[in-house]
Amino acid sequence: MRLATWNVNSLKVRLPQVVDWLAAQQPDVLCLQETKLEDERFPLDEIRATGYQALYSGQKTYNGVAILSKTAAADVVVEIPDYPDAQKRVLAASVAGTRVICLYVPNGQSVHSDKFRYKLDWLAAVAAWLAREVTAHGKVAVAGDFNIAPDERDVHDPKAWEGQVLCSAPERKAFQALLAAGLKDSFRLFEQPAGSFTWWDYRMNAYKRKMGLRIDHILLSNALTGACRSCTIDVNPRQSERPSDHAPVIVELAD
DNA sequence: ATGGCCTGCAACGCAGGA
């Protein structure tokens, strides 16, 4: 199974790129974040025409997640259990024997903001949920935009980012708490090039200057890590015309 | 030293992203 995640920063704008990418990469599952579309406006016909089924949970203007899959998805969940939240940030479904959980973690804005408190509360609720999902399903893949750079290797300039949102100690602790649910960061199962990032600011020519962060991740439960053959970042879409500011991440899982 | 870009909504600027 090839499973991927991509924050597209508006599926309306990025639909042609998503269609091209599906055709080229042929993932079995693609988790999307920041679709920014109400469900009535989801481009279902266009996605189906590429040979994929789609689950989606969206809202106007902000947030929004989707899971595209070649085969049918079952047992769909669109909320963190017992955590009421109007923001559409989670989507879970079982595909080909694997529990796939798509996450769009809150950005947090700055470490002193109310949004930062929301981010940490939200992550605590997700950690408890993931632990239950791992126990219930065994084979679990959690893919998405985590808005956390787990350690210094994931930051182009650790000194400049020290203590800042996306890199702060409480966020990194929250990321470790997600792993403590019984998950591993698939990217770090392998030797990786230095300067591997998944997000680059639109400003300051950040992509060309390699000023990035690795904040998009695919976590795998222990039942899946042994089958994981690779985890890679596809920077090609980030180099295209009118790109998303995030690059897709892909894992290969042996059958 | 500062802010620098992109998207959506709906207005001719703002909120939000990261």
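Strand S6 (residues 90–95) and S7 are joined by 6 bridges and run antiparallel. The model in which they are found is a predicted one. Within this pair, Ser94 has Arg99 in S7 as its bridge partner. The two strands form a hairpin with 2 residues between them, and in this hairpin Ala96 takes a positive phi near 50°.

On to the next pairing of S7. Strand S8 (residues 140–145) pairs with S7 in the parallel sense, over 6 bridges. One of the residues involved is Tyr104, whose bridge partner in S8 is Asp145.

How many of the residues of strand S7 (residues 98–104) are buried? The count is 7 of the 7, so S7 is largely enclosed by the rest of the structure. The burial can be read face by face. In a regular strand the side chains alternate between the two faces of the sheet. On one side of S7 lie Thr98, Val100, Cys102 and Tyr104, on the other Arg99, Ile101 and Leu103, and since all are buried, both faces are covered.

These strands belong to an open sheet of 6 strands with mixed pairing, in the order S5-S6-S7-S8-S12-S9. Its edges are strand S5 (73–77) and strand S9 (183–185), each of which pairs on one side only. From one strand to the next, the twist averages 20°. Helix H5 (residues 169–179) packs on this sheet, where it touches S9 and strand S12 (216–221). The direction of H5 makes about 130° with that of S9.

There is also an open sheet of 6 strands with the order S3-S4-S2-S1-S14-S13, and its pairing is mixed. Here S3 and strand S13 (228–233) are the edge strands, each pairing on one side only. Neighbouring strands of this sheet are turned by 15° against each other on average, direction ignored. Ser57 has Val65 in S4 as its bridge partner.

Thr50 sits in the loop between helix H2 (44–49) and strand S3 (53–57). Is Thr50 buried, exposed or partly exposed? It has 16 C-beta neighbours inside 10 Å and therefore counts as partly exposed. Apart from neighbours within four places in sequence, Thr50 is in contact with Val19, Leu22 and Ala23. Lys36 is 14 residues from Thr50 along the chain, and the C-alpha atoms of the two are separated by 21 Å.

Which residues come nearest to DNA strand B? Of the 23 residues around it, these are Ser10, Lys12, Asn107, Tyr202 and Arg203. By class, the surface near DNA strand B has 8 nonpolar, 7 polar and 8 charged residues.

Technical notes:
Residues numbered from 1 in each chain as written. Chains lettered and ligands numbered in written order. Predicted model: local features only at pLDDT ≥ 70, side-chain atom pairs only at ≥ 80, totals over all residues. Near = placed C-beta within 6 Å. Nonpolar A, V, L, I, M, F, W, Y, C, P; charged D, E, K, R; others polar. Helix = DSSP H or I, 4+ residues; strand = E, 2+ residues; numbered from the N terminus. Buried ≥ 20, exposed ≤ 12 C-beta atoms within 10 Å, placed from the backbone. Contact = placed C-beta atoms within 7 Å. Pairing = 2+ DSSP bridges. Axes fitted to C-alpha atoms, helices over the stretch in contact; angles between N-to-C directions.
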